[in-house]
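Here is a friendly briefing to read alongside the structure. Please keep the 3D view open and look up each part as you go.

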Amino acid sequence: MRIAVVGSGYVGLVAGACFADLGHEVILVDNDQSKMTALRNGQVPIHEKFLPELLTRNRGTRLQFSDDLKEAVRVSAAVFVAVGTPPTESGEADLSYVESVAREISGAIDDYKVVVEKSTVPVYTSEWIRRIILRNGTDPELFDVASNPEFLREGTAVTDFLFPDRIVIGCDSSRSAEVLREIYAPLTGATYYHRAEAIPQPDRALIPPPLIVTSTKSAELIKHASNAFLAMKISFINAVASVCESVGANVNQVVHGIGTDTRIGSRFLSPGIGYGGSCFPKDVMAFRAVAREHGYDFRLLDEVMHINEDQRHRFLRKVNSALWTLRGKRLGVLGLAFKGGTDDIRESPAIAIVQSLLQQGSKITAYDPAGMERAREVIGDHITYANSSYEAAHDADALLILTEWEEFANLDLGRVRQELKYPIVIDGRNLYDPEAMAAQGFTYYSVGRATSHPDGVPAAVLKNGKKA
Ligand code: UDX
């Protein structure tokens, strides 16, 4: 199958590389010429496991890069639109990139094509794409608009794409459904998984993944509703964590107790400093806005956003309660990316917290295994960038853990204690066991669990003169 993918951001680049790996002829189109040249020359613009391998083995053969959208559409049977849909000031998705792509596509349709929404878009966008293409004079028999939402997570994007829990295709005609079925046949028929060079299978993979065929509107809603539900799950457990802190319960035990109910499930129940990234914050807002536009006041989502925002403030209050004033204090910060396994800092709660700490006059030395280059573009030289976790901890009044990188969960604690000026760790991601930290000599703050103190610390140095 010949496929054009328009937009070379996270979704477009990963989808393009994966479609090529499935055996399709793919043209990845972007009007950013320098990006296309870099990709042609072998550069990989994002930090994503297995992506370099997929690009290397398909580049120049089954995967071409182009800035000529019309030509790519002309030679393709399906055109996946994966351009950005950033939020406007009022929280709606800005669909101007989608619209201009639709306009341009319409001039290049001379035989049957399926135009597929891959970007996360509000319900009714497929209707609009259809109208724009018709308005520009295209014969209605020559195209269909379909929706094929993408559920990949950053950091595991390639694996998520190739081993999905499900594939959703929203089609209003059997002809377009047939094209999409054929594109995903190597996955739904499981032939891809038997190839020697296939990407390694993750735990919990469902093989073959189910294909769910819906109307286009339902598919559009599935994407927004999925992301809003997951964000709600995180805010729910963050709210429960706050209650745990008030009553002296342990949120980990609560998560274990509720997560084993198979109707609830334990995934996406890790409390922390709130969700960030390029999807959840934007999509919850956009879903809220589109529901309102269509007459439903989805106030539950306001609370999801409110709890998420509050989580950062709660963490900052913990830093204050551990250190009192912050002016002139040195803080070691572990993590700048919005989550572990990615260099992406968009809407990162870690960055927001660092900026607040700077405003309060603290001096920060931060380390992130992948996100420092991007963080520097935003924070500049207002902080010091360390080469390791230990360097970040060196001579600091406290160590703050802000991103759930695996390597932060496996630190040499003896070494961390030696580096720190005071053995205080404030963990926004619950990577350590409070008792074990106390046994290692730390005063340890986390989320939804009591603060632990090393044995033998004089009561006067503890908050309120007593162990929390
Ligand atoms: C998300 C969706 O998971 C994915 O299906 C969709 O296609 C895009 O948006 P992503 O933004 O890559 O993926 O990250 P995800 O792993 O979902 O994490 C989002 C945020 O939630 C991160 O900031 C993470 O730290 C936070 N999170 C996640 C929690 O705080 N607790 C959890 O239990 C899970």
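The shell around the ligand is made up of nine nonpolar, three polar and seven charged residues. In this sorting, Ala, Val, Leu, Ile, Met, Phe, Trp, Tyr, Cys and Pro count as nonpolar, Asp, Glu, Lys and Arg as charged, and the others, Gly among them, as polar. What you see is a predicted model, in which local features need pLDDT of at least 70 and side-chain atom pairs count only at pLDDT 80 or more, while totals for chains, interfaces and linings use all residues. Residues are numbered from 1 along each chain as its sequence is written, and side-chain values use heavy atoms, with hydrogens and water left out.

**Around the ligand**

- Of the 19 residues around the ligand, the ones that come nearest are Phe-151, Leu-152, Glu-154, Ser-270 and Glu-404; a residue is near if one of its heavy atoms lies within 4 Å of the molecule.
- Domain 1 (2-214) and domain 2 (216-468) both give residues to this shell, so the ligand lies between them; the domain bounds come from an automatic or database domain assignment.
- Helix H9 (residues 216-247) supplies the largest share of the shell, three residues. Helices (H or I, at least four residues) and strands (E, at least two) are DSSP runs, numbered from the N terminus.
- Which side chain has an N or O atom 2.9 Å from an oxygen atom of the ligand? That side chain belongs to Lys-223.
- A polar backbone atom of Phe-151 is 2.8 Å from an oxygen atom of the ligand, and a backbone N or O atom of Ser-270 also lies 2.8 Å from a ligand oxygen atom.
- Taken alone the ligand exposes 670 Å², and the protein buries 92% of that; accessible areas come from the Shrake-Rupley method with a 1.4 Å probe, and for residues only the protein chains shown count as cover.

**The six-stranded sheet**

- An open sheet of six strands runs in the order E11-E10-E9-E12-E13-E14, with parallel pairing; two strands pair if DSSP finds at least two bridges between them.
- Strand E11 (384-385) and strand E14 (443-445) stand at the edges with a single partner strand each, so one side of each has no neighbour in the sheet.
- Strand E9 (residues 330-334) and strand E12 (residues 398-401) run parallel and are joined by four bridges. Here Val-333 stands opposite Leu-400 in E12.
- E12 is also joined to E13 by three bridges, again in parallel, and the bridge partner of Leu-400 in E13 is Ile-426.
- Strand E13 (residues 424-427) is covered on both faces: Ile-424 and Ile-426 on one side and Val-425 and Asp-427 on the other are all buried. Buried means under 20% relative accessible area, exposed over 50%, and partly exposed in between (1.4 Å probe, protein chains only).

**Strands E5 and E6**

- Strand E5 (residues 113-117) and E6 pair in the parallel sense over five bridges, with Ser-147 in E6 as the bridge partner of Glu-117.
- How many of the five residues of strand E6 (residues 143-147) are buried? The count is five of five, with Phe-143, Val-145 and Ser-147 on one side and Asp-144 and Ala-146 on the other.

**Two residues to look up**

- Val-254 sits in helix H10 (residues 251-259) and is partly exposed, with a relative accessible area of 27%.
- Ser-452 is in the segment after E14 and is buried, with a relative accessible area of 10%.
- A polar atom of the Ser-452 side chain lies 2.8 Å from the backbone oxygen of Pro-434.

Note on methods:
Polar contact = N/O pair within 3.5 Å; in protein donor to acceptor, adjacent residues only side chain to side chain.
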